[in-house]
Structure formats: structure tokens, C-alpha cells
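Visitor: I am new to this structure. Please show it to me, and then I will ask about its parts.

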Amino acid sequence: AAGNPMMSSTRAVVPDLIGLSLEQACEAAAWAGTKLNATSTKGHGRVGVVVAQSPPPGASTEPLPQIHVSVSAPWLPDA
């Protein structure tokens with residue numbers, strides 16, 4: 001169900017976090033009024049950079065308690 005179209009100029013939307021560092025993504029999420037739930041994934045581009053997110057950029061953050069992101073991690077053998 002879409003919100004009131006008259007509120008579109010003030011509603012918070014999910015920021016595009018792809019390519020940002022985890023620190024930058026946290027700041028962007030906080031600015032959008034939500035939190036991050038970050039998990040690491042192996043071997044995708046630069047280390048410490050967001051490579052995937054859910055929900056996608058531009059989605060409404062209301063109601064959205066958190067944004068799920070995957071952050072590239074160093075290629076380490078499993079412990």
C-alpha cells in the first residue's frame with residue numbers, strides 16, 4: 001500500500017548504499033532514519049564495500065526497521 005502522495009517530498013527513502021564503505025552506509029542509513037543489518041560476503045570487489053542491499057534504493061523506509069546489506073570481506077579460510 002503506497003503512502004499519501006502529498007507526503008512524497010518528506011518521506012524517507014532507502015538510500016543507494018552499493019559501493020559505499022560500511023561506515024558511509026551506516027551514516028546514510030542513520031540519515032534515512034533506519035539502521036543497517038550488515039553481513040559479510042567473500043570475494044566481491046573491494047574489501048569493506050557494500051555489494052548488495054535489501055530493500056532496493058528508493059523504496060520507502062516507512063515502516064522499515066533496518067536495511068540489510070552485504071559487505072565484501074577479506075578472502076579468509078573458514079575457521
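Visitor: In what order do the three strands of the open sheet stand?
Guide: This is a predicted model, in which local features need pLDDT of at least 70, side-chain atom pairs count only at pLDDT 80 or more, and totals for chains, interfaces and linings use all residues. Residues are numbered from 1 along each chain as its sequence is written, and side-chain values use heavy atoms, without hydrogens and water. Strands (E, at least two residues) and helices (H or I, at least four) are DSSP runs numbered from the N terminus, and two strands pair if DSSP finds at least two bridges between them. The pairing in this open sheet is mixed, and the order is S1-S3-S2.

Visitor: Which strands stand at the edges?
Guide: An edge strand has a single partner, so one side of it is left without a neighbour in the sheet. That is the case for S1 and S2.

Visitor: How many bridges join S1 to S3?
Guide: These two strands run parallel. Within the pairing, Lys42 stands opposite Ala73 in S3. The number of bridges joining S1 to S3 is eight.

Visitor: Which residues of helix H1 are buried?
Guide: Buried means under 20% relative accessible area and exposed over 50%, with partly exposed in between (1.4 Å probe, protein chains only). On the face of H1 turned away from its buried side are the exposed residues Glu23, Glu27, Ala30 and Trp31. The buried residues of H1, which spans residues 22–31, are Ala25, Ala28 and Ala29.

Visitor: Where is Pro55 found?
Guide: A cis peptide bond, with omega of about 0°, joins Ser54 and Pro55. Pro55 is in the loop between S2 and S3.
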